[in-house]
Amino acid sequence: MSIVEKKKLAVGIVDDSDIIRERIVQRISKCDKLEIVWEADTVEKTYGCCASFEPSVLILDIQLPDGSGIDILERIKSDNPGVKVIMLTNYPSLPFRKKCVAAGADYFFDKSTEFDKVFEVLKQMASSVN
């Protein structure tokens, strides 16, 4: 009898708030088809993590202590357009939304009103993993 290993969707999380990252981790840990491969709280750490292991999905904040998540978004999409990027931000204004969509964001959610939508999207993505 062979053991079949379940494939999981690799998720990276970039947010400078420990509380937000913990909430995301708690929710993702409930889905057996999702795996958090790394967490980062700065632009610099994000680039280091991506150099080690690029996730299939990136949950990305806009405002980080050492720069902008939009810069990360542009670089990630330039290097690997197949990575799905979910922007999760406290800056949901139309100019930020337009800039993120133009840079290649696949989703754009407001942390305060659309937090749960992130997990709906992740579950949909995970359902396609064999």
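In this predicted model, helix H1 (residues 18-28) packs against H5 at an angle of about 30°. The two axes lie 11 Å apart. The crossing of H1 past H5 is right-handed. On the H1 side, the contact is made by Ile-20, Arg-23, Ile-24, Arg-27 and Ile-28. On the H5 side, Lys-111, Phe-115, Asp-116, Phe-119 and Leu-122 take part. By class, the contact of H1 with H5 has 6 nonpolar and 4 charged residues, and no polar ones.

Helix H5 covers residues 111-127. Its 17 residues, at 1.5 Å a residue, should span 24 Å. The end C-alpha atoms are 24 Å apart, which agrees with that expectation. The N-terminal end of H5 is capped by Asp-110. A side-chain oxygen of Asp-110 lies 2.9 Å from the backbone nitrogen of Ser-112. The buried residues of H5 are Lys-111, Glu-114, Phe-115, Val-118, Phe-119, Val-121, Leu-122, Met-125 and Ala-126. An α-helix has 3.6 residues a turn, so residues three or four places apart point the same way.

The side chains of Asp-15 and Lys-111 are joined by a polar contact of 2.7 Å. Asp-15 sits in the loop between strand E1 (9-14) and H1. Its relative accessibility is 2%, so Asp-15 counts as buried. Beyond four places in sequence, Asp-15 touches Ile-20, Arg-21, Ala-40, Asp-41, Asp-61, Leu-64, Leu-88 and Lys-111.

Strand E1 contains Leu-9. Leu-9 has 11% relative accessibility and therefore counts as buried. Leu-9 and Leu-122 are 113 residues apart along the chain, yet 8.8 Å separates their C-alpha atoms. Not counting residues up to four places away in sequence, Leu-9 touches Met-125, Ala-126 and Val-129, as well as Lys-33, Leu-34, Glu-35, Ser-56 and Val-57. Of these, Met-125 and Ala-126 are among the buried residues of H5.

Tyr-91 lies in another loop, between strand E6 (84-89) and helix H4 (94-103). Val-129 is 38 residues from Tyr-91 in sequence. In space, the C-alpha atoms of Tyr-91 and Val-129 are 31 Å apart.

Key
Residues numbered from 1 in each chain as written. Predicted model: local features only at pLDDT ≥ 70, side-chain atom pairs only at ≥ 80, totals over all residues. Heavy atoms only, no water. Helix = DSSP H or I, 4+ residues; strand = E, 2+ residues; numbered from the N terminus. Expected span 1.5 Å × (residues − 1). Buried < 20%, exposed > 50% of the residue type's maximum accessible area, 1.4 Å probe, protein only. Polar contact = N/O pair within 3.5 Å; in protein donor to acceptor, adjacent residues only side chain to side chain. Axes fitted to C-alpha atoms, helices over the stretch in contact; angles between N-to-C directions. Left-handed = near helix turned anticlockwise from the far one by under 90°. Contact = heavy atoms within 4.5 Å. Nonpolar A, V, L, I, M, F, W, Y, C, P; charged D, E, K, R; others polar.
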